[in-house]
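Please have the sequence and model at hand.

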Amino acid sequence: MSSVWWVNTFVGQEAGGNPTCVILDDFDEVTRSRASVARALRAPDTAFVKRAFAGLTIKFFSPLEGEMSFCGQGFIAADAVLRQTTKVAGPFEFLTTDGNVRTYAEPGDDALSWFEILKSQIRIDSGPRHLGHIVDSGRRRAFRQLDSAELENLNLDSSEVIRTCTEYNIKGLCFYAYERRDVLRLRVFTVSLGGREDISTGGAVAGLTPLIPSGKWLVQQGSGHFLNRGELRLNNNIETDRISVGGRVEFVAQGNLL
């Protein structure tokens, strides 16, 4: 039987975070497909981690979309679970279909995990005026800046989100606003949830980097009740060739996949 961990990623004092599952090592896809397991677990995202000769491999699946090439919350969850199970402080190097991604723990704070990618991995294009910019940070999404009031009152129909994403070959619609000098608000509507709003999206936060000033940012994602919110950290240092996205991880349950 495969070991299954259920955690909440990107939690904060006023943020419940995003439910995420991590399945370790011995999953047998001959018996049961990863996509079917993700549908049965019904977490927004499930990460499958396997120790291979060349290193750690990782694959991501959502209940609705199936396999995804990149999942920020999956990296954060996998980092925390591996440090919990192996008692290794890290960092960890994950092999993905789009290249290697490094995760690590913040010194002195084991509850905070980070994933790191090269700035060269992020590509930006100008999109249609009503969408803003198209940014590929592992998944292609549209980003548009709003003021705080517009962002708070934003209400999108899920079917319209899916239609727009299909038309422009993107995976989500992202809207952001500046709250204070180092604080951003972000709302993301994604195909992996059938067009509904996502609580916290590490890849989307990474996608902000070409659009915002350099520095360390606190990103508050989601809206309404604290269970519909996530709290993410972004290090966008202009002097390095890398960016990092981090968040706190809350362990909920561990067991075996039947």
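The largest pocket is lined by Asn18, Pro44, Leu193, Arg196, Glu197, Asp198, Ile199, Gly222, Ser223 and Asn228. This is a predicted model: local features need pLDDT of at least 70, side-chain atom pairs count only at pLDDT 80 or more, and totals for chains, interfaces and linings use all residues. Residues are numbered from 1 along each chain as its sequence is written, and side-chain values use heavy atoms, with hydrogens and water left out.

**Pocket**
- A pocket is an open set of points on a 1 Å grid over the protein atoms alone, where a 1.4 Å probe fits, with protein on both sides within 12 Å along at least five of seven lines; lining residues have an atom within 4 Å of a point.
- The largest pocket has a volume of about 170 Å³, counted as the space filled by probe spheres set on the points.
- Its lining has three nonpolar, four polar and three charged residues, with Gly counted as polar.

**Paired strands**
- Strands are DSSP runs of at least two residues, numbered from the N terminus; two of them pair if DSSP finds at least two bridges between them.
- Strands E2 (residues 18–24) and E3 (residues 45–52) run parallel, joined by five bridges.
- Ile23 stands opposite Phe48 in E3.
- E3 also pairs with E4 (residues 55–62), antiparallel, over seven bridges.
- There, Phe48 stands opposite Lys59 in E4.

**Glu231**
- Glu231 sits in strand E16 (residues 229–236).
- Glu231 is buried, at 17% relative accessible area; buried means under 20% with a 1.4 Å probe, protein chains only.
- Beyond neighbours within four places in sequence, Glu231 contacts residues including Phe10, Gln13, Leu218 and Gly247; contact means heavy atoms within 4.5 Å.

Notes: Helices (H or I, at least four residues) and strands (E, at least two) are DSSP runs, numbered from the N terminus. Buried means under 20% relative accessible area, exposed over 50%, partly exposed in between (1.4 Å probe, protein chains only).
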